[in-house]
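Biologist: I would like to learn how to read a protein model feature by feature. Could you take me through one?
Modeller: Gladly, here it is.

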Amino acid sequence: MPQRSQNRRAKTAAYSHGRRAEMSFIITRSDLLAPQKEQVDALMPYLQQVLRDALGSSGRDVRLGNIRCVSAKRGWWTKQVKDEIWERGAGGWMVGKVNVGKSNLFDCVFPKGGQERIIGQNDSTSNRPAHVTIGISRSQVAAERSQNRLSLEPDATIEDSLLPPAQPELKFPVMPIVSHLPGTTASPIRIPFGNGKGELIDLPGLARGSLEDYVLESYRANLVMRQRVRPKQFVIKPSQSLLISGLIRITPSTPEVTVLAYPFVPLSAHVTSTDKAIGMHTQTRPTRVPTIARPEIGPKMGLAGLFRLQWDVTKQRAGPLTSSLAAARSTQTLPFAVFSTDILVEGCGWIELVAQVRKKDIESTIAGQGHPVVEVWSPNGDYIAARRPMNAWLLGKPKAVAGGRFRQRRSMKGVKKSWKIALRHQSP
């Protein structure tokens, strides 16, 4: 990856072993982050910062202008990615974990109809616009796809190559199978385009953690988020805990601090007392609360860690107090501070945690850090991490209904009758 530089003529790519390699970060299923494309585009600085945090100490010196936030379901930025693949040519490799939408994205960004693209770009006398396929019927497309299925048998194999032989180039080849089941792409799939201009390679997904091994088999498909979650606000008071479908337990450790939780996971959540939550989580207490955990995993629940709500979100959470259209007060003058963090559940989603602390009590909080602390329990203490907050609740929170709260009207019972009696007495 290229290094950051203030020189506008700095190179954006480098050669390694005689080859030029460029890496782009593609964030798929971006429609799960916010309801509108403009809101997702506004998250780009945040996504760059999260990626720098994930890269560690070397992340601050890396140029990250190659991040794309796409949605194959809604068509967000897929055309731009398709044009980049076509212009770059050569070999494009799609690498990622299972169930992140690689095969679905492959189908959307693969430059189909390569011959028409070449004709539209090179023929100056033609009136055909570039990137448009003209004069191809459905029967021709079906015939080419059936021909492709019959010609998948390789003519020769290369023993030293880790990839299968390339498929015959067709304008509309058979795309990889799109499925929510993990492991659908069992081996690399190579599909050329542009009359030898390049090829796109779909690789099998990298294995995730084995959280699904602790879930009942009938509920394992529910771990994958397929549509945007609109969570409810859960208030975790002192001596209470948040239980996520019997798998994850979040318990505040800082006394006298109320934590707000917004679970962006496709699982059910429940707030109860800490004693009951421990019994339900370790499966030592009978309960009627629905759970998806297997019945024998209670003793395997372990502490995943203590996580501090260390990021200050007072400006975003203070509402009209810091708004330039209202009070326009500085966060330094407020008597409180709001801290937040996102608790990540691998392959499932995240839980946004927010807590408000009085500034005079900041020095007396746990470890003198000035931040509330929560402890998270999970199977074997794994599958949990933390990141800086996205404030996703503020992006898609339910809108207040106009007129939902109003002053109660005066009762009009008998008023008209009293008006008639008064008018009768006034008449001669």
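Modeller: Let us begin with surface. Accessible areas come from the Shrake-Rupley method with a 1.4 Å probe. This is a predicted model, and the accessible surface of its protein chain comes to about 26200 Å², with 51% of that belonging to carbon and sulfur atoms.

Biologist: What percentage of the residues in the protein chain is buried?
Modeller: Buried means under 20% relative accessible area. Of the 428 residues in the protein chain, 37% are buried.

Biologist: How many helices and strands does the secondary structure come to?
Modeller: The protein chain has 10 helices and 18 strands. For contacts with a separation of 6 or more, 72% are between residues 24 or more positions apart.

Biologist: Let us look at a sheet. In what order do the strands of the three-stranded open sheet lie?
Modeller: The general idea comes first: strands of a sheet pair through backbone hydrogen bonds, either parallel or antiparallel. In this open sheet the order is 5-7-6 and the pairing is mixed. Strand 5 and strand 6 (189-193) are the edges, each pairing on one side only. On average, neighbouring strands here are turned by 20 degrees against each other, direction ignored.

Biologist: In which sense do strand 5 and strand 7 pair?
Modeller: Strand 5 pairs with strand 7 (residues 198-202) in the parallel sense, over five bridges.

Biologist: Which helix lies across strand 5, strand 6 and strand 7?
Modeller: That is helix 4 (residues 102-109), which runs at about 160 degrees to strand 7.

Biologist: Now the rings. How many aromatic pairs are there?
Modeller: The count is six aromatic pairs. One of them joins Phe110 and Phe193 edge-to-face, at 5.9 Å centre to centre with 90 degrees between the planes. Phe110 lies in the loop between helix 4 and helix 5 (114-122) and Phe193 in strand 6, so this pair ties together parts that are 83 residues apart in sequence. Phe110 is buried at 1% relative accessibility, and Phe193 is buried at 2%.

Biologist: Which pair is stacked, with 10 degrees between the planes?
Modeller: Phe264 and Trp350 form that stacked pair, at 4.9 Å centre to centre. Phe264 belongs to strand 11 (residues 259-264) and Trp350 to strand 16 (residues 349-358), so parts 86 residues apart in sequence are tied together. Both Phe264 and Trp350 are buried.

Biologist: Which residues do ring pairs link into a cluster?
Modeller: The cluster holds Trp86, Phe106, Phe110 and Phe193. Trp86 is also among the buried residues of helix 3 (residues 78-88), together with Thr78, Val81, Asp83 and Ile85.

Biologist: Where is Met175 found?
Modeller: Met175 sits in the loop between helix 6 (138-150) and strand 6, and it is buried, with a relative accessible area of 13%. Leaving aside neighbours within four places in sequence, Met175 is in contact with Phe106, Asp107, Phe110, Lys112 and Ile191. Met175 and Ile191 are 16 residues apart in sequence, with their C-alpha atoms 8.5 Å apart.

Biologist: Which strands do the buried residues of helix 7 pack against?
Modeller: They pack against strand 9 (240-244), strand 10 (248-252), strand 12 (269-273), strand 13 (301-308) and strand 17. The buried residues of helix 7 (residues 274-281) are Thr274, Ala277, Gly279, Met280 and His281.

Biologist: On to backbone angles. What is the phi of Ala90?
Modeller: Ala90 has a positive phi of about 55 degrees, although it is not a glycine. Ala90 is found in strand 5 (residues 90-94) and is partly exposed, at 49% relative accessibility. Tyr383, another residue other than glycine, has a positive phi near 70 degrees. Tyr383 lies in the loop between strand 17 (373-379) and strand 18 (384-387) and counts as buried, at 12%. Following helix 3, Gly89 has a positive phi near 65 degrees, while Gln283, which follows helix 7, has one near 60 degrees.

Biologist: Last topic: how many disulfides does the count come to?
Modeller: A disulfide is a covalent bond between the sulfur atoms of two cysteines. Here the count comes to zero disulfides. As for individual cysteines, Cys69 is buried at 3% relative accessible area, whereas Cys108 is partly exposed at 24%.

Definitions and conventions
Residues are numbered from 1 along each chain as its sequence is written. This is a predicted model: local features need pLDDT of at least 70, side-chain atom pairs count only at pLDDT 80 or more; totals for chains, interfaces and linings use all residues. Side-chain values use heavy atoms; hydrogens and water are left out. A disulfide is a pair of cysteine sulfur atoms within 2.5 Å. Buried means under 20% relative accessible area, exposed over 50%, partly exposed in between (1.4 Å probe, protein chains only). Helices (H or I, at least four residues) and strands (E, at least two) are DSSP runs, numbered from the N terminus. Two strands pair if DSSP finds at least two bridges between them. Axes are lines fitted to C-alpha atoms, for helices over the stretch in contact, and angles run from 0 to 180 degrees between N-to-C directions. Contact means heavy atoms within 4.5 Å. Rings of Phe, Tyr and Trp (its six-membered ring) pair if their centres lie within 6.5 Å; planes under 30 degrees apart count as stacked, over 60 as edge-to-face and the rest as tilted.
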